[in-house]
Amino acid sequence: MAAAIATGELRRLIAAGGETALVDVRESGAFARGHILVASNVPLSRLELKIEALVPRKAALVVLTDGGEGLSARAAGVLEAMGYVNLALHEGGAAAWRAEGGELFEGTNVPSKLFGEIVEAACATPALDAGEVRRRIDDGEDLVIVDGRPWVEYREFSITGGISCPNSELPRHVTDLAGSASATIVVNCAGRTRSIIGAQTLRNTGVRNPVYSLQNGTIGWEWAGYPLERGASRRPGEASSEALAWSRERCRDLARRTGVGTLDAATLEAWREDPQRTLYLFDVRPPEERAARPLAGWRGIEGTQLVQETDNWVAVRDARIVLADDCGTRSRITGHWLRQMGLRDVHVFDGPFPTAAAGASRPAMTAAPRIAPAEAAEGGFAILDLASSERFIACHAQGALWALRSRLADVAGRLADRPLALMDDEGGDLADLAAADLAGLGIEASVVEGGLDAWTAAGLPVASGRAGALMAMDDRGAAPFEILDDPEAAKRRYIAWETALPEQFARDGLITFHPLTTITTEGERGR
C-alpha cells in the first residue's frame with residue numbers, strides 16, 4: 001500500500017538528497033503546462049513500458065505525483081503489480097505544490113534548459129548574434145560554424161556552411177576543424193541550450209580559439225532573415241592522433257576537476273549486484289557507433305542528449321551513473337556536465353566492455369488476438385489508434401479513431417458498437433495493454449498485426465489530421481509553445497520562456513547547480 005506524502009515533506013525529502021524518484025504520471029501535455037522541477041514524466045498510458053528503464057531498482061523510493069486528479073493512485077496499483085515496493089503518493093499533486101507556494105515549470109527537459117541559462121550567466125559564455133556571424137562570413141573571416149545537435153537534427157535544418165559535430169564530440173574534433181588557433185568557432189543548435197553548452201564545452205577545455213555560441217541558434221538565424229539549409233551532410237572525418245591526444249588530456253582534467261569518478265570491470269560487476277543502490281549504465285557514443293559495436297546491458301544515448309534531456313533518462317536522484325565510450329572523451333565531457341548539474345555519483349567506465357549483461361525487462365503481457373490489416377479494413381472493424389498524437393496527425397489508417405490508453409474508460413461507450421481493432425507505435429505492446437484494459441470494461445479488442453507499417457505496406461488507405469480524435473490530444477509535451485497557426489509567435493514565446501527560467505529557478509530554491517567557472521584563460525594552454 002502506497003504511503004501518502006505531503007508537499008512540505010516532499011520538499012524536505014528532495015533537499016535532503018538520497019535515492020528518490022519523483023515521477024509525474026500525467027500525459028506529457030499536462031506535464032508541460034506545469035510541473036515540479038525535478039519530476040520525470042512517465043505518462044500513465046505508457047507506464048508499464050517506460051518505468052523500468054527510468055527506475056530500474058524496484059526497491060527505490062518512488063514518489064508519484066499528478067495534477068491532483070488522482071492518476072497517482074492508479075499508477076501505484078500498476079507499479080505494485082510490477083513489483084515496486086517503496087511507493088508514496090504526493091497528496092494533491094502539482095496543484096497542492098503550487099497552493100503551498102512552490103514553483104511549477106512549463107515545458108519539457110526543464111532542468112537541462114535551465115542549466116544552460118545558468119551556465120551562460122555564471123561562465124560569461126560569449127555569444128554572437130546572427131547578423132554578426134553573417135557579416136563575418138561575408139567578410140571572409142576564418143570562421144568555423146559547428147552544429148552541436150545530433151546528426152539527425154542537423155540533417156533537418158542547419159546554418160549554411162555549418163558542420164555537424166554534436167557537443168560531446170567537440171573536444172576530440174575541434175583542433176582538426178579549426179585548423180589554427182586564430183580561427184573563430186561558433187556553436188549553434190536550434191535554440192539556446194546546446195549552443196551555450198557546446199561553446200562552454202570548448203572554453204572549459206582551454207582551447208585557444210575564440211569561441212562563441214550563436215545567440216538563439218537557428219531560430220535567431222531565421223529571425224534575422226537568413227535561410228536555413230536542408231539535408232546538409234558535412235561532418236568531421238576521423239580525428240587525428242594529435243587531436244585525440246589533446247582531447248584526452250583535456251577531458252581527463254575536466255573530469256578530475258568536477259569529481260567524475262572512474263571504475264574498473266570488477267567494481268562495475270559489484271555495483272550491478274548491489275541491491276541497495278540504483279545503477280544507470282549509459283553508452284554515450286553516437287548511434288552509428290553503438291549499432292556497429294553494441295554494448296549489452298547499456299542504454300544508448302548520445303552524450304549531447306543525455307545532458308540536454310537528463311530528466312528523460314535519470315529519474316532516481318543520487319543514483320550511481322556510469323558512462324562509457326571507446327576513447328574516454330565523450331564519457332568524460334558528458335560526466336563533467338552531469339556533475340555540474342548536481343548529479344552526485346557520476347563515473348566513467350575504464351575497463352573492457354562486457355560482452356553480455358541483463359538489461360531491464362518489459363513486463364509480461366497477455367497478447368491480444370492478432371488480425372491482418374486487410375481483415376481489419378474489410379471486416380467492419382473500428383480502428384482505434386493509440387499512437388502518439390503527433391504520429392496520428394501525420395499518418396493513420398483512414399477512418400481510424402484516436403484515444404489515450406489512460407482514458408479509455410471515458411470513451412468506452414463509443415467503442416462497443418462494432419468489432420474493435422487496435423494499433424499503436426510500440427510494436428503492439430501498448431495495444432496489448434489497452435486490450436486488457438478494455439476487457440476489464442467488457443469490450444473485446446484485437447490488434448492489427450504489424451500496425452501502421454503493415455497497413456500501408458498492404459496498400460490500404462491512410463489519412464492525416466486530427467479527425468477521429470475522441471479526446472484532447474494531451475500527450476504532446478511541447479504544447480505550451482506550439483501555436484500551429486503562428487509558428488513565429490511560438491518561437492518567440494519559447495525563447496522568452498527559456499531566458500526567464502533563471503528568475504523562476506531563484507524563486508524555487510529546490511536544487512543547486514555547480515557551473516565550472518574557473519576555466520583556463522585563453523592562450524594559457526597550447527594545443
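Five strands make up an open sheet in the order β6-β10-β9-β7-β8, with parallel pairing (two strands pair if DSSP finds at least two bridges between them). At the edges sit β6 (127–128) and β8 (163–164), each of which pairs on one side only. β6 runs parallel to β10 (residues 211–214), and two bridges join them. Within this pair, L128 stands opposite L214 in β10.

A word on the source: this is a predicted model, where local features need pLDDT of at least 70 and side-chain atom pairs count only at pLDDT 80 or more, while totals for chains, interfaces and linings use all residues. Residues are numbered from 1 along each chain as its sequence is written, and side-chain values use heavy atoms, with hydrogens and water left out.

Stepping back to the whole chain, the secondary structure comes to 21 helices and 23 strands. These are DSSP runs numbered from the N terminus (helices are H or I, at least four residues; strands are E, at least two). The chain has 527 residues and a radius of gyration of 24 Å, which agrees with the value near 24 Å for a compact globule of that length. That radius is taken over C-alpha atoms, and the globule rule is 2.2 Å times the number of residues to the power 0.38. Along the principal axes, the C-alpha atoms fill a box of roughly 75 × 50 × 50 Å. As for burial, 56% of the 527 residues count as buried (under 20% relative accessible area, with exposed over 50% and partly exposed in between, using a 1.4 Å probe and protein chains only).

Now the cysteines. A search of the whole structure turns up zero disulfides, a disulfide being a pair of cysteine sulfur atoms within 2.5 Å. Two cysteines and their accessibility:

| Residue | Relative accessible area | Class |
|---|---|---|
| C165 | 1% | buried |
| C395 | 22% | partly exposed |

Last, the second largest pocket, which holds about 280 Å³ of space. Its lining has 18 residues, and the closest to the pocket centre are E169, H173, R235, P236 and E288. A pocket here is an open set of points on a 1 Å grid over the protein atoms alone, where a 1.4 Å probe fits, with protein on both sides within 12 Å along at least five of seven lines; lining residues have an atom within 4 Å of a point. α9 (170–178) and α14 (287–292) each supply at least two lining residues, and α14 gives the most, with three.

Technical notes: Grid points are joined across faces, edges and corners, and a volume is the space filled by probe spheres set on the points.
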